[in-house]
Structures are given as C-alpha cells and as structure tokens.
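Here is a short report on one protein model. Please keep the sequence and the structure in view while reading.

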Amino acid sequence: MAFSGSGLLLGYFHGIVTYIRDHFYVENLQLSGISGGCSTILALAMGIDLYQILLLGLHMKQIFLKKGIYWHDFEDMVEFTMQHWKQIGISDEDVAELAARKQCHIGVTKCFPPGHCCIETPHTLRDLVALVLSSMSVVPFFRTPGIYEGKYYIDGGFSAMYSVPPGQRWDEVIKVTCFPWWATLFPPALGIADIQPYRFMPTEVFVLYPWEHQRELIKQGYEDAKLQHDQLVARGLRPLPNAPLTPWSEWESLFAGIDENNLPPLSSQRSTVVASEMEKHHYEVLRTFSQSDLHDVLKGPRLRRFDCAGSRSEANCAELYKSASIMSRAWR
C-alpha cells in the first residue's frame, strides 16, 4: 500500500489509516510513503496509537505557528522531532524491529545524481527521523536539503507520485492519495488511485487549518476508505472478524475532547478501549524495555516526590523501594 505526498492534508490521510486500522489486518501489510504519507504508514506498521499521532501533529502545528514555518535547520529539526517521537513511545527498539521486518519504505528524491529512491526504513530512531524529514524537505521550509547517511535528498514528491520498491509489481500496489481522480490522470500518476477524494482541496494542501476543519478532513478520509472497503478486500486486504476495533463514535468522542488552545500532553499510553495486534505488540516492547529501569525509577527525585506528596511516610517509601527491587530482580 503506497501513500503519495499530502502537503498539509495530513488529516485526510489520518482518516484513511484509522479506517484501515479498525477494519483490516495490518501485521503483514507492506507499506510505503512519501512526505506527509510517512507518518501514517509508520503509525500502522509500528502500532503507534493514532490518537497520539494526531496530538503530535497538533502540538507541532502550534510550535510552527509560534516560531514560523520557514528556514528551519535540518539537524535541529531532527533533534526536535526525535524528542517528540519519543514522547509518544517510538523507541530505538520499535525502529529496529520495523527495519528487521522490511515492511516499510520511504520515498525521497536524490540530489546527486537526481532521481527517485525508495529506501527501507533504517535501524535507529535518529536515522528514521532523518529519512522521513528528508522525504518532506522543501526549501524554503528547510534551509538545506535533507541529509541521510551523508547524502542530500529533497521531498520524494518531486520525483514520483508513489514510491514503490524495486521488483514490486505496479498492478499489485494499493495506491492512496489526497488528490481526486481527474487530477491523477495526468503525469506523474497517470492513473486512478484505490482511495482518493472526490473533490480537489488545494487550499488544504498549503494552509494549516484550525482543528475543527481538520476533524472534517479526518472524517472525509475515513468515509472515502469505507466506500472502497470491497475494493480493498479484492486487492488482498484481510478483514478483521470483529471490525471495527474502535467505533467511529469513540473516535469522535476523543476528538471532541481536544481543545487546540489547551492540548493534552503527549503520551505513550493507548487511548482506545480495544487495541490492534500491532498496538499490543508496541505496548509489549515499551513495557519490556521499561521494566529493566524500574530499579532506577523509584530512586532520587521520584522517590522524594512520593514522600513530599504526603501520601507515604519515609518508612513506607523504603518498603516500596524494597518491593520494587525484588520485582526488578524477578523480572530479570
């Protein structure tokens, strides 16, 4: 399944991915993305909670509106993005597992010599962030082209509509775009996508609309994917027997609780009642790698906070620390 670039129409892609997550098995789904399509495929393939992905986008939107959207230093953006990804639970362990599965590819445009590259996701968080940002690197939003493994790249959309790995049959690729069918009949697409909107949304590609409008775009993406349910099944996606995992009414309830002027903090916790298999696996990875740190978690400032809160005496804190040490040794 290949996602084209989206500009700022990320909400539309978010709705499509939400429908796919809630109605189909995605564990073995091969995915590729260009520019704005990258965050959506990573959410599916890594089991990242889609509500947190949405909040991440809104948090970054606020920051860009305050600091400006032009002339960002590429390396600074890598550091900045890494810190935010970590807050929603994307770890080196997740990235390494994704790379080992060879499940995702990112499309970029190589500068020297010019041409399109479809690159497998790398093994570290830093490299993955650098590759994704390279796929959406456009001057003047960035001061320079993106840099990945010492080479310069720019937005993958300059050289291809969809990024497909070498050897992949074109007629087997499920194509997803945010442009209507009549706009994709011309180069570079030269064809109709499996999921695409019925109307052209040029301003949404370039303008950061308020949250209320973004909610409409998410719903539109969800509904457009729903219309193509039978087509997706015919193309090889396997329906979940208990679909939908999360009813649309639950998503709407979560969306209704978002105040763009007072956003909830980012978190690695899951927001929906039911989890997909990839989300369960992602949680297990986080839990497994955090258990080894339990011995240190209850030391120092955190232990003192228990005492200062008045809910535990110093003796009780000592008992809590002793119990934590026993549990930590048992887990090891």
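L185 is partly exposed, with a relative accessible area of 39%. This is a predicted model. L185 sits in the loop that runs between strand 7 (175-176) and helix 7 (202-206). Beyond its neighbours within four places in sequence, L185 is in contact with L190, G191 and I192.

**Cysteines**

How many disulfides does the structure hold? The count is zero. Take C38: its closest cysteine sulfur is in C104, and the gap is 9.2 Å. A disulfide needs the two sulfur atoms within 2.5 Å, so the C38 sulfur is too far away for a bond. C104 is likewise in no disulfide, with the sulfur of C38 as its nearest cysteine sulfur.

Are C38 and C104 buried or exposed? C38 is buried, at a relative accessible area of 0%. C104 is buried too, also at 0%.

| Residue | Relative accessible area | Class |
|---|---|---|
| C38 | 0% | buried |
| C104 | 0% | buried |
| L185 | 39% | partly exposed |

**Strands 1 and 2**

Strand 1 (residues 2-3) and strand 2 run parallel, joined by two bridges. F3 has G33 of strand 2 as its bridge partner. Strand 2 covers residues 31-34. Which way do its residues point? L31 and G33 point one way, while S32 and I34 point the other way. All four are buried.

**Strands 3 and 4**

Strand 3 (residues 104-110) pairs with strand 4 (residues 115-120). The two run antiparallel, and six bridges join them. What links strand 3 to strand 4? A hairpin does, through four residues. Within the pair, V108 stands opposite C117 of strand 4. C104, the buried cysteine described above, falls in the residue range of strand 3.

**The second largest pocket**

The second largest pocket has a volume of about 400 Å³. Its lining is made up of 23 residues. Which of them lie nearest the centre of the pocket? They are M1, N28, L29, Q30 and E172. By type, the lining of this pocket divides into eleven nonpolar, eight polar and four charged residues.

Definitions and conventions
Residues are numbered from 1 along each chain as its sequence is written. This is a predicted model: local features need pLDDT of at least 70, side-chain atom pairs count only at pLDDT 80 or more; totals for chains, interfaces and linings use all residues. Side-chain values use heavy atoms; hydrogens and water are left out. Two strands pair if DSSP finds at least two bridges between them. On a 1 Å grid over the protein atoms alone, a cavity is a set of points where a 1.4 Å probe fits but cannot get out, and a pocket is an open set with protein on both sides within 12 Å along at least five of seven lines; lining residues have an atom within 4 Å of a point. Grid points are joined across faces, edges and corners, and a volume is the space filled by probe spheres set on the points. Ala, Val, Leu, Ile, Met, Phe, Trp, Tyr, Cys and Pro count as nonpolar, Asp, Glu, Lys and Arg as charged, and the others, Gly among them, as polar. Buried means under 20% relative accessible area, exposed over 50%, partly exposed in between (1.4 Å probe, protein chains only). Contact means heavy atoms within 4.5 Å.
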